[in-house]
Amino acid sequence: MSHPEHHRGRWRPRLDRPALVALLFGLAGVVYRLVLTLFTVPVSNSDEATFGLAALHIARGREHPVFLYGQHYMGMLESYLAAPLVAVFGPSWPVLRLPMLALYAIFLYLIHRLTRRLGTPWFAAFVVGLLALGPERVVRDQLTVVGGRPEVKPAVLLMLLITVGLAAGTVHRRRLAIGLFGLLVGLAVWSDWLILPYLAVAALALVWAVRRELLGWSGLLLVTGVVVGVAPMIVDNLRAGPGDDSLSVFREVSTKAGPQPPWSDRVRGGLLEGVPLAHGLCPVDGCGRWQQWFGVLYPVLLLAGAALAVLAYRRAAGTARGERGGRAAGALRGERVGPVVQLALIAGAALTLLSYVRSPLAATSPLDNARYLSVLQLSLPAVLWPLWVAALTAWRGTSSVLGRLTGALSAAVLAALTVTTLVITVLFAATGTAASRTEERQARELAAALRADGPHEVYGDYWTCNRLIFNTDESVVCGVLDGDLSPGQNRYRPYWRQVGRAERPGYVVEIDSPMDRRLRRLLADRSDAAPVREVGGYRVYHPDTPVRPWR
């Protein structure tokens, strides 16, 4: 990636051309996402606001949550990362999202490093260029603070780089590196269980690389790191009541009653919708038939990547056959670790995809749940490597007629992947941000109006309440109601109790929503008609006496 250069007595790194191109791609991707962050694009919501409120509570020393309020399985690492910024600058969406932008930059750097170790410098630059692009579905997973994915992807890449360095002998403080590996595993388990397939294959790669060392102090440091990283989760589960532990809650959330969709529908939703959406080939409202080709090709690329990795592993063994001694064994391990890590990435993608299509949501709601496949970006270098190898071999003219034809097709696939992602990204940047900016402006207008003139204790729906509380820095408190005006999903119960004690609570509802129509019917025959005003697409009711039909 760089070469040492002495200039006037100082040592400075000098980037080679592929690394410089990758750096420019990466900077473009970061700047693009920084602009989106400053304009709060993609649009915020109450799920993200819950993480923001937790960051606010952490910054003020009021709470130290382990899991997302109202849950027992989604870790709050993102809130802890944002808390120092919130403490200094106050609550705002750009401040909340800046740590996610930093995690994205780290992700690009680490995947570039890993791809150079596994492939070639120019291939690494190509991968960074693809990942620098991003339509709404992709940047939503990278920038919004909704738990798990932005932090676990860099963690997995760093684990694999540690494994490569240990096998190649380039890591000097080996025990500390193994301990760090364990710590990353623990933090990732606490943060988001969706990464478990990748953690499993990364752990197997580490065992392959340093299996003898793990029998001593290194193994103890590995286990200690895991325990330290997952300690918040362990402590919380020891205190949880029956049925409130993480495993029970996660099982309940993941298991839906009713008839299961057929496997064909789940596989179709996972491959034809989920995979293209996760890789930025489709707009957020779904994939056209012409955009589903990558989902069809994806299993083929997984098999081809696994086959190339196995061949490379056997080739490394063949070149070292006849050599003896520990030094030769260490060199062999260093040559084999690349194919081993490639196999780990292929296996991680396959297991993640299999886990996803087992869920009925892959068939019934593929657009809303494609976010669970965003971790597949980790495997992009291993998935695209067969196409790059075939295209490069044909370009050099070292293959047969069939090989040149295969190489031409592979180059066409890589070009189509790049052009499609670029077009969808440009369309989103040019025309897809207006709705988000309008919705954010209306949410700010509502927050400013209530903050200035009240009421300061209100009821609203789930997607209004916590965002309103965050936008007003808790000067307005909101209790969640469902559309029939019954108590809804109140993640942070103190807000509900505070509104419940209010002598004259207000109601904030979207204009002509089911809640709005229900509330108007209840107030129609009352003598103390509620004052009503409209702000930013919402109606604000403030009756003289409370309206609480659930009581």
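Trainee: What share of the contacts in the protein chain with a separation of 6 or more is accounted for by residues 24 or more positions apart?

Mentor: This is a predicted model, in which local features need pLDDT of at least 70, side-chain atom pairs count only at pLDDT 80 or more, and totals for chains, interfaces and linings use all residues. Residues are numbered from 1 along each chain as its sequence is written, and side-chain values use heavy atoms, with hydrogens and water left out. Contact means heavy atoms within 4.5 Å. Among contacts with a separation of 6 or more, the share from residues 24 or more positions apart is 72%.

Trainee: Why does the protein chain count as being as compact as a globular protein of its length?

Mentor: The chain holds 22 helices and seven strands, these being DSSP runs numbered from the N terminus (helices H or I, at least four residues; strands E, at least two). The globule rule is 2.2 Å times the number of residues to the power 0.38, and the radius of gyration is taken over C-alpha atoms. For 551 residues the rule gives 24 Å, and the chain is as compact as a globular protein of that length because its radius of gyration is close to this, at 26 Å.

Trainee: Which side chain of opposite charge is nearest to Arg-266?

Mentor: Arg-266 lies in helix H12, residues 263-278. Lys and Arg count as positive and Asp and Glu as negative, while His and the chain ends are not counted. Arg-266 is buried (under 20% relative accessible area, with exposed over 50% and partly exposed in between; 1.4 Å probe, protein chains only).

Trainee: Is Trp-463 buried or partly exposed?

Mentor: Trp-463 belongs to helix H20, residues 462-471. Leaving aside neighbours within four places in sequence, Trp-463 is in contact with Asn-45, Ser-46 and Asp-47. Its relative accessibility is 46%, so Trp-463 counts as partly exposed.

How values were computed. A salt bridge is a side-chain nitrogen of Lys or Arg within 4 Å of a carboxyl oxygen of Asp or Glu.
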